[in-house]
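Student: I'm new to this one. Could you walk me through how to read a few of its features?

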Amino acid sequence: MEFFRGKAVYITGGSSGIGFAIAKLVVQAGGSVAISARGKERLEAARADLSAIARGDQKVVAIACDVSDPAESRRAAAETIAALGRCDVVVANAGVAHCMKIADAEDEAFERMMRINYLGTVHTVRAFLPHLTERRSGAIGIVSSLLGFMGTYGYTAYAPSKFAQVGFAECLRQEVLDKNISVTVCYPPDTDTPQLAAENETKPPETKAISGNVKTLPADVVAEAFLNGIAKKKLNVVPGSMGKFTHFMKRHMPGVVNWVIDGDLKKYQKKHIS
Ligand SMILES: NC(=O)c1ccc[n+]([C@@H]2O[C@H](COP(=O)([O-])OP(=O)(O)OC[C@H]3O[C@@H](n4cnc5c(N)ncnc54)[C@H](OP(=O)(O)O)[C@@H]3O)[C@@H](O)[C@H]2O)c1
């Protein structure tokens with residue numbers, strides 16, 4: 001975590017879950033943070049918690065912002081740079097989940113996932129890019145998901161928004177190569193956060209039968225793996241051994257992965273649907 005000492009880091013969705021865990025590790029490492037989210041109460045509580053562990057001239061700033069709005073994202077970038085003096089690392093983490101059978105989902109859910117998860121990432125990165133480009137230095141971190149490289153039952157609205165972030169990141173990586181800006185994508189498996197708890201409420205039993213095999217990670221484990229990856233300028237970070245194994249298998253033996261998850265699904269359907 002030495003990389004983050006003295007660094008100025010902006011984190012969307014920094015009021016909860018993985019985003020808050022990222023902010024906490026940066027502050028513990030001696031960096032300054034600007035966290036953003038929509039809900040002001042939770043944002044202020046997170047700012048107070050982070051301020052309590054900040055030392056010396058470390059700064060902690062909270063900025064209310066809806067990442068799905070490009071103008072708000074530009075305002076948040078300007079406020080971050082004014083408050084911290086500069087921005088070294090931008091983390092596009094804010095996101096919402098949706099897990100439901102395609103037939104049960106509202107039309108609006110498909111658009112909301114793209115607006116917040118995908119376009120929220122685009123607006124955040126574009127808001128900071130002129131600053132990073134001018135400084136010819138910086139790092140961009142994007143929180144996708146295990147569902148950003150494999151789709152499973154119940155995630156027809158969510159997974160495409162996470163795949164889209166990966167396509168964006170791969171193009172961006174090459175565009176900023178000559179500007180000394182790195183791009184890192186994180187692919188967390190199920191992580192113990194309020195989002196996962198909310199997602200579990202609408203999760204079809206078929207999805208539970210499949211994802212029950214993937215171990216849930218604590219948010220700080222995901223955050224630490226991601227921040228280490230950003231420090232090493234790695235393009236892809238898959239936290240946890242099960243996630244790494246799934247990523248490897250999906251790339252090299254996709255048929256085997258589908259055979260395993262289809263097997264879990266068929267076993268469930270045979271037992272419960274006659
Ligand atoms: N938890 C998991 O199992 C898991 C697995 C893979 C990937 N992920 C990804 O990890 C990221 C963080 O998720 P989490 O589990 O930590 O969720 P979380 O605890 O619910 O936190 C989500 C954060 O994003 C903010 N947010 C949501 N919509 C926003 C918007 N339109 N504009 C600005 N901020 C917004 C929330 O604050 P407000 O609601 O107040 O705005 C909150 O601070 C997401 O991109 C998610 O898809 C999570």
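Tutor: Let's start with a loop. In this predicted model, Arg-136 sits in the loop between α4 and β5 (138-143).

Student: What is the phi of Arg-136?

Tutor: Arg-136 has a positive phi of about 50°, although it is not a glycine.

Student: Where is Asn-180 found?

Tutor: Asn-180 is in the loop between α5 (158-175) and β6 (181-186). Its phi is positive too, near 60°, and Asn-180 is a residue other than glycine. With 13 other C-beta atoms within 10 Å, Asn-180 is partly exposed.

Student: Back to α4. How do I check the span of a helix?

Tutor: Take 1.5 Å times one less than the number of residues. For the 29 residues of α4 that should give 42 Å, and the end C-alpha atoms are 42 Å apart, so the two agree.

Student: Where does α4 bend?

Tutor: At Leu-129, by about 40°, and a proline, Pro-130, follows within four residues.

Student: Which helices each supply at least two residues of the shell around the ligand?

Tutor: α1 (17-28), α4 (107-135) and α6 (194-202) do. There are 32 residues around the ligand, and those that come nearest are Gly-13, Gly-17, Gly-39, Gly-95 and Gln-195. By type, the shell divides into 12 nonpolar, 16 polar and 4 charged residues.

Notes. Residues numbered from 1 in each chain as written. Predicted model: local features only at pLDDT ≥ 70, side-chain atom pairs only at ≥ 80, totals over all residues. Near = placed C-beta within 6 Å. Nonpolar A, V, L, I, M, F, W, Y, C, P; charged D, E, K, R; others polar. Buried ≥ 20, exposed ≤ 12 C-beta atoms within 10 Å, placed from the backbone. Bend = angle between axes of the 7 residues up to and from the residue.
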